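Subject: A structure for you to explore

Hi there,

Here is the structure I promised to pass on to you. Have a look at it first, and then read my notes below with the model open beside you.

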Amino acid sequence: MDTPSNDKASPNAIRDVVIVGGGTAGWMTAAALIQHLRHTDVRITVIESSGIGAIGVGEATIPTIRRFYAQLGMSDAEVMSATQASCKLGIRFVGWGAPGSDFIHPFGLYGQDLRGVGFHHYWAKQRQTGDPTPLAAYSLGASLASAGRFIEPSPTPPSSLSVFDWALHLDASLFARHLRTYAEAGGVQRIDARITDVELRPEDGFIRALKLDDGREVTGDLFIDCSGFRGLLIGEALGSAYEDWGDWLACDAAFAVQSENAPGMEPAPYTKVTAHAAGWQWGIPLRHRAGNGLVFSSAHMTDQQALDALMPNLMGRPITEPRRIGFRPGRRDRAWIKNCVSIGLSAGFLEPLESTSIALIENGIERLKSLFPDKTFASSIIEEFNDQSAREMERTRDFIILHYWLNGRDEPFWQQRREAAIPDTLARKVDLWKARGQFVRYRWEMFHPASWLAIYDGFAVLPEQLDPAVEGLDPRQLAQSLGQMKTAVADTVARTPSHAAFLAGLDRSEAA
Ligand SMILES: Cc1cc2nc3c(=O)[nH]c(=O)nc-3n(C[C@H](O)[C@H](O)[C@H](O)COP(=O)(O)OP(=O)(O)OC[C@H]3O[C@@H](n4cnc5c(N)ncnc54)[C@H](O)[C@@H]3O)c2cc1C
């Protein structure tokens with residue numbers, strides 16, 4: 001089964017795939033496609049320009065990344081070693097809500113649902129009796145994260161109380177390098193050159209060839225645009241418009257800077273996102289260094305003010321110069337046009353508050369695999385791809401807007417975010433939550449109800465009405481069963497070693 005068997009392939013089968021760009025998106029796509037199409041004789045070429053380089057940020061992930069590389073046959077230990085990764089149980093939000101607010105959005109569940117009623121209804125009912133136990137005390141993922149501990153979750157959790165997941169903080173350039181090694185070993189060809197021109201077929205406007213600065217010309221059947229914000233093929237050559245979401249998401253710039261890990265400081269098993277006067281700062285602990293940055297609204301903060309907010313608050317001594325990156329939140333009107341599919345920043349961008357960009361790349365790749373075309377490029381395939389991509393971006397956008405809309409800060413930027421209109425799709429969700437403590441789940445959503453619950457709870461937005469099923473509960477029984485859950489979580493946390501100890505174990509096995 002391991003030899004190419006395309007003798008009987010249709011004459012319309014795609015033979016040459018050309019990926020433009022060798023950033024995270026380009027190499028993830030190349031690695032996934034060469035693995036997926038290994039029994040065909042499809043040739044894959046990646047064109048990247050070392051002169052232009054990749055964006056070099058994108059170091060916080062969500063758990064789906066582990067599914068992505070597992071499909072390539074890579075273990076957690078392999079990827080963690082190759083990318084100097086640390087473990088991530090969620091995101092810690094500091095200063096976003098009321099003064100002093102500090103909460104974790106964990107990759108995991110809260111408590112145990114009973115008789116089809118969400119746990120948060122039981123918890124809210126118990127709160128009415130004066131019990132101040134926070135919701136997070138019933139989440140193993142959140143509790144482990146705030147205690148700085150880490151253990152791999154049980155593959156067969158005895159109850160939903162033990163359900164949590166984890167992701168990685170990884171070095172973006174090392175990750176791209178690791179994927180490149182894998183892809184090249186699988187047969188992907190790499191060309192290091194700058195594309196100077198994109199030639200379209202006069203008869204139908206499909207891409208025929210790419211002209212390189214060394215005089216070469218690269219032809220192909222399917223072109224995948226991973227060229228970053230510029231959208232060299234999908235935008236510049238094929239004219240896919242960019243839908244700008246700046247009215248909903250006001251941040252449009254970032255400074256990124258790498259630092260040492262402060263001596264003696266244990267790496268936290270979460271990404272820290274701290275609100276500032278007109279934006280927020282990220283802190284991503286890796287094993288060999290840390291990633292830091294400030295995302296801000298240039299209409300509310302000058303570059304100097306952004307640097308003044310960022311630089312005194314790094315995770316250690318800076319080891320690079322701060323780099324400014326401007327961006328426009330939004331998406332391509334059509335992610336796929338004719339024989340060109342865009343994946344990564346070329347397809348759109350949402351600020352990294354919930355570490356969604358790499359996950360959007362994974363999903364774009366999955367979508368392409370499941371809708372892989374032939375040379376006829378059926379319009380039904382293209383429309384389906386575009387529809388799914390658009391819906392997924394919109395759902396993710398809504399989740400990010402929610403964080404801004406619920407903020408409890410008083411600076412002008414934050415007041416404006418609170419007062420700004422929100423998309424109808426988001427308003428519908430918030431209204432239902434407030435009215436009845438329920439979740440609307442649309443198709444192609446990245447975030448589960450537990451994530452929405454984490455944000456509502458973090459901003460102290462509770463439902464006005466609880467499920468009638470909890471209203472008549474015996475208060476003693478309720479207190480007892482919640483007490484047992486809380487104790488079970490606390491006991492597990494107490495037995496779990498620190499995240500630093502887990503990483504030291506990895507270091508030892510890598511050295512052995
Ligand atoms: C401030 C910031 C923070 C971020 N943080 C996160 C995060 O924590 N988590 C997350 O998931 N995502 C994050 N992202 C997003 C993440 O960085 C990207 O999704 C990811 O790196 C993929 O980028 P890319 O490969 O699409 O583009 P790039 O990395 O920009 O790669 C583009 C490639 O195209 C090539 N190229 C361009 N033009 C040409 C040409 N003319 N000829 C030849 N080659 C060309 C370049 O050389 C490069 O190889 C962040 C983004 C920003 C802006």
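**Helix 6**

Helix 6 covers residues 172-185, and its 14 residues reach 20 Å from the first C-alpha to the last, close to the 20 Å expected at 1.5 Å a residue. Please keep in mind throughout that this is a predicted model.

Which residues of helix 6 are buried? They are Ala172, Leu174, Phe175, Ala176, His178, Leu179 and Ala183. The buried residues of helix 6 pack against helix 1, helix 2 (64-71) and helix 3 (76-83).

Both ends of this helix are worth a look. After the helix comes glycine 187, which has a positive phi near 115 degrees.

**The ligand**

Next, please turn to the ligand. How many residues surround it? There are 34, and the closest are Gly22, Ala60, Ile195, Leu345 and Ile358. By type, the shell divides into 18 nonpolar, 12 polar and four charged residues.

- Threonine 24 has a backbone N or O atom 3.4 Å from an oxygen atom of the ligand.
- Glycine 53 places a backbone N or O atom 3.1 Å from an oxygen atom of the ligand.
- Alanine 60 has a polar backbone atom 2.7 Å from a nitrogen atom of the ligand.

The ligand would expose 1,000 Å² if taken alone, and the protein buries 97% of that. Two elements give two or more residues to the shell: helix 1 (24-36) and helix 9 (357-370). Helix 9 gives the most, with three residues.

Is glutamate 392 buried or exposed? This residue sits in helix 10 (residues 379-405). Its relative accessible area is 5%, and since buried means under 20%, glutamate 392 counts as buried. Leaving out residues up to four places away in sequence, glutamate 392 touches Leu360, Asn363, Arg367, Trp444 and Met446.

Isoleucine 343 belongs to the loop between strand 20 (340-342) and strand 21 (348-349). With a relative accessible area of 3%, isoleucine 343 is buried too. Residues up to four places away in sequence aside, isoleucine 343 touches Ala25, Thr29, Ile224, Asp225, Cys226, Ile361, Gly364, Ile365 and Leu368. Take Cys226 from that list: cysteine 226 is 117 residues from isoleucine 343 along the chain, yet their C-alpha atoms are separated by 5.5 Å.

**Loops to visit**

Arginine 115 is in the loop between strand 5 (102-106) and helix 4 (119-127). Its phi is positive, about 50 degrees, although arginine 115 is not a glycine. Arginine 115 has a relative accessible area of 69%, so it is exposed, the cut-off being over 50%.

Alanine 460 is another residue with a positive phi that is not a glycine, at about 55 degrees. You will find alanine 460 in the loop between helix 13 (449-458) and helix 14 (468-471). Its relative accessibility is 63%, which makes alanine 460 exposed.

Aspartate 213 lies in the loop between strand 9 (207-212) and strand 10 (217-219). At 48% relative accessibility, aspartate 213 is partly exposed. Its contacts, not counting residues up to four places away in sequence, are Ala193, Arg194 and Thr196. The C-alpha atoms of aspartate 213 and aspartate 192 are separated by 10.0 Å, and the two residues are 21 residues apart along the chain.

Where is serine 160? It lies in the loop between helix 5 (140-147) and strand 6 (167-169). Serine 160 counts as partly exposed, at 24% relative accessibility. Neighbours within four places in sequence aside, serine 160 is in contact with Leu109, Gly111 and Gln112. From serine 160 to leucine 140 is 20 residues in sequence and 9.6 Å in space, C-alpha to C-alpha.

Enjoy exploring, and write back with any questions.

Best wishes

Definitions and conventions:
Residues are numbered from 1 along each chain as its sequence is written. This is a predicted model: local features need pLDDT of at least 70, side-chain atom pairs count only at pLDDT 80 or more; totals for chains, interfaces and linings use all residues. Side-chain values use heavy atoms; hydrogens and water are left out. A residue is near a molecule or strand if one of its heavy atoms lies within 4 Å of it. A polar contact is a pair of N or O atoms within 3.5 Å; within protein, one must be able to donate a hydrogen and the other to accept it, and residues adjacent in sequence count only if both atoms are side-chain atoms. Accessible areas come from the Shrake-Rupley method with a 1.4 Å probe; for residues, only the protein chains shown count as cover. Helices (H or I, at least four residues) and strands (E, at least two) are DSSP runs, numbered from the N terminus. Ala, Val, Leu, Ile, Met, Phe, Trp, Tyr, Cys and Pro count as nonpolar, Asp, Glu, Lys and Arg as charged, and the others, Gly among them, as polar. The expected span of a helix is 1.5 Å times one less than its number of residues. Buried means under 20% relative accessible area, exposed over 50%, partly exposed in between (1.4 Å probe, protein chains only). Contact means heavy atoms within 4.5 Å.
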